[in-house]
Amino acid sequence: MVRLFFRDQFPLILINIIQLLLVLFVVWMGGFQHLSLLIYALFLGIFLLTIYLVFRYITHRRFYYRLTRQISSLDEVFESLDAAPVSAALSDLLKAQHRLYVNAIQQQEKKRKEHLTFINQWVHQMKTPLSVMELIIQDRDDEQMMSIREEMDKLEKGLEMVLYAARLDAFEQDFHVQPVSLKAAVDGAIRDNKRLFIKNQVYPDIQVTSSMIESDEKWLEFVFNQVITNGIKYSSGIGKRISIYDQETESGRDLVIQDTGVGIPKTDLKRVFDPFFTGENGRVYRESTGMGLYLVKEVCEKLGHEVHIESVQGEGTLVRIRFFP
Amino acid sequence: MAKILIIEDDPKIASLLQNHLKKYGYDAVITEQFDAVTEVFKQVQPNLVLLDINLPSFDGFYWCRQIRQLSTCPILFISARSGEMDQVMALENGGDDFITKPFAYEVVTAKIRSSLRRAYGAYAPKVKERVVELNGLTLYVERMELSKDKGLASLTKKEAVLLEELMKRSPRVVAREVLLEKLWDDQSFVDENTLNVNVTRVRKKLQDLNIEDAIETIRGAGYRLVPNWETS
C-alpha cells in the first residue's frame, strides 16, 4: 500500500526536486552564491514536500488500502473511504458498480426462479394427462397396452427426475433429516420399479435389516430408485438378480446394491458421476441422460452420505452407499 | 350405497373415476361447478369426497375447509403435487388422506373403502363384495374362497389373486407379466418360480372341485383359463 502510494506520487516528487534544483541553479548562476542559505532553501523545499506527502498519505490512506487489497465480498464496497475527492469518487464508483451488479444478479435470480417454477408446474401439468392415460389403459392388458404402459412408466420416471433435479437447487428448504428405516426405503424403491423388474426379468434379492439411519426419506428413495433403475436397465436379459443388502462397517452402515449386468468400462468409471456423462453404455442403451448418477452423487453429498461405485465390465456393478452414524 | 362426490377439474379423470367407482357399487357424482363446491356438497350430501387441489378459482384446501364447516365426512385429496408440504397442508386443512397422481384404481378404491369403514362402519358390508363368476364357478375374492356346485375350496391370497385374473379374462390368455405384477406385493417379490408354483397350486384346488386341465399354459405368453367344466 505504501509502495503504491510512492509509485503514484513519484512523478510529483521527481518534478518537485528537479524544480527546486533548477531554481537554486538559476539563483547560483545569477550570482547569489551563499551556499548555506541555498541549502537551507533546498531543505525547506524538501520539508514542505514531505509535509505534503504525509498529509496526502494520511488523507488518502483508505483509498490506497482499498486499491491494493482484493475485494473478497461484495459488502466491502460499503466500507467508508476517506473524505478526499478522489476517495469519494472511487467510493461512489464502487457503489454504483455494486448496485448494477446486484441488479443484474437479481434479474438472473428472478429469471432462474421463474424458470424453476415453470418447470415444477409443467411437470405437474404433464402428470394429469399421464394419469388419464394410466386410468384408461389400466383395465386392458393386450400387448400394445402393455407396451404403452411401459413407455408411460419411462415418461413418469423422466418427469420425476426433472422434478428432483429442479428441487436440488432449493435443497436446503426441501429436506428434513430424521430416522429412516433402511428397509422401508429400499422396499419403496423396489415397489416403484415393480414393472421394470418384471419386464426385464430381473428380480430383487433383498437382505436388508430394519436398521434406522439418519436421512431424508424422500430423497433417499430417489437415490435408491436411480441406482436400482440403472441396475435393472444394465442387467436386462443377462443378470438374473439384483442383490441389495446392508453391512455394518467401522465407519457406519453400508447399503450395497449389486447387479450382474454389463458393468461399466474402466475408462468410464471415473466419470460416471459427472453431469451429462453417458459413456459407452449410454451409447448402447439410448435412453441414458447421464443425469441419474450425477443427481445421486449430489443428493448423497447434501445428505451427508458417501457413494462409491465399483464395476468390472461384463461382470456387474456394485454401488455402495455409506451412512455415517 | 355410499355416495361419493368427485371434485376434479380434469373432466377425463373425473369421468374415468366415476365409471370405475360405479362398477364397484358406489354412487359417484361429478360436478362442474368449481366456484360453488359447498352448494354442490349440500345438494349431493355425499358420504365421501374426492378432492383435487388445483381447481379453478379457489384451491382444494380452501374447499376442504369450507366442507369441514358443514360435515365431517371423509375427504380424500387427489393431486399431482407430491411435495411433503402439500400433503401436510391437505391433512392440516381437514383432509383424511392423500393420493398422488398418477394413481392406480386399486389404490383409490382401497382408500375409499378404508375411509368409509372407519367413518361409518356400517357401510362396509353394504358395498358389494367382489365376486367373480364364470360358468358356475364362483370366486369370492375377499373371502378367498372358491365354490362350484356344493364344493368349496379355500385359497391363499396369491392363489385368489391369480385365479381372479384368469377368470376375469377367460378365455383370453393372460400374460405372465400381468400375473407377476398382480402377485407382487409389498412384502414379497415374486419371480417366475413363485408364479409356476402358484399356478400348480391353483390347478390342484380346481381339481378338488373336479375341474381338470382348465388352466392351459401358452408357451412364451402366459396362461389361459378354459371353462371346460360342466355346469349343473
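Me: What share of the contacts in chain B with a separation of 6 or more do residues 24 or more positions apart account for?

Reply: A contact means heavy atoms within 4.5 Å. In chain B, 57% of the contacts with a separation of 6 or more come from residues 24 or more positions apart. The model is predicted, so local features need pLDDT of at least 70, side-chain atom pairs count only at pLDDT 80 or more, and totals for chains, interfaces and linings use all residues. Side-chain values use heavy atoms, with hydrogens and water left out, residues are numbered from 1 along each chain as its sequence is written, and chains are lettered from A and ligands numbered from 1 in the order in which they are written.

Me: How many helices and strands does chain B have?

Reply: Helices (H or I, at least four residues) and strands (E, at least two) are DSSP runs, numbered from the N terminus. Chain B has nine helices and twelve strands. Its C-alpha atoms fill a box of roughly 60 × 35 × 30 Å along the principal axes.

Me: What percentage of the residues of chain B count as buried?

Reply: Buried means under 20% relative accessible area, exposed over 50%, and partly exposed in between, with a 1.4 Å probe and protein chains only. Of the 232 residues of chain B, 50% are buried.

Me: Is B:Leu163 buried or exposed?

Reply: B:Leu163 counts as buried because its relative accessibility is 0%. This leucine is found in helix α7 (residues 157-169) of chain B. Leaving aside residues up to four places away in sequence, B:Leu163 touches B:Leu139, B:Leu146, B:Leu155 and B:Val202.

Me: At what angle do α7(B) and α9(B) pack?

Reply: Axes are lines fitted to C-alpha atoms, for helices over the stretch in contact, and angles run from 0 to 180 degrees between N-to-C directions. Angles under 35 degrees count as roughly parallel, over 145 as roughly antiparallel, 65 to 115 as roughly perpendicular and the rest as oblique. The axes of α7(B) and α9(B) are 10 Å apart, at an angle of about 80°; the two helices are therefore roughly perpendicular to each other. Among the residues that make the contact are B:Leu162 and B:Leu163 of α7(B), with B:Val199 and B:Val202 of α9(B).

Me: Which residues of α1(A) meet α3(A)?

Reply: The axes of α1 (residues 2-29) and α3 (residues 61-68) of chain A come within 9 Å and cross at roughly 110°, which makes α1(A) roughly perpendicular to α3(A). From α1(A), A:Leu4, A:Phe5, A:Asp8 and A:Gln9 meet A:Tyr64, A:Leu67 and A:Thr68 in α3(A).

Me: Which backbone angles deserve a second look?

Reply: Most residues other than glycine have a negative phi, and most peptide bonds are trans. B:Met144 has a positive phi, near 55°, and lies in the loop between β7 (137-140) and β8 (145-148) of chain B. B:Asn210 also has a positive phi, of about 65°, and its place is in the loop between α9 (192-208) and β11 (215-218).

Me: How exposed are B:Met144 and B:Asn210?

Reply: B:Met144 is partly exposed at 27% relative accessibility, whereas B:Asn210 is exposed, with a relative accessible area of 66%.

Me: Which peptide bonds are cis?

Reply: The bond from B:Lys101 to B:Pro102 is cis, with omega near -10°, and B:Pro102 is found in the loop between β5 (97-100) and α5 (105-120) of chain B. The bond from B:Ser170 to B:Pro171 is cis, with omega near 0°; B:Pro171 is found in the loop between α7 and β10 (173-175).
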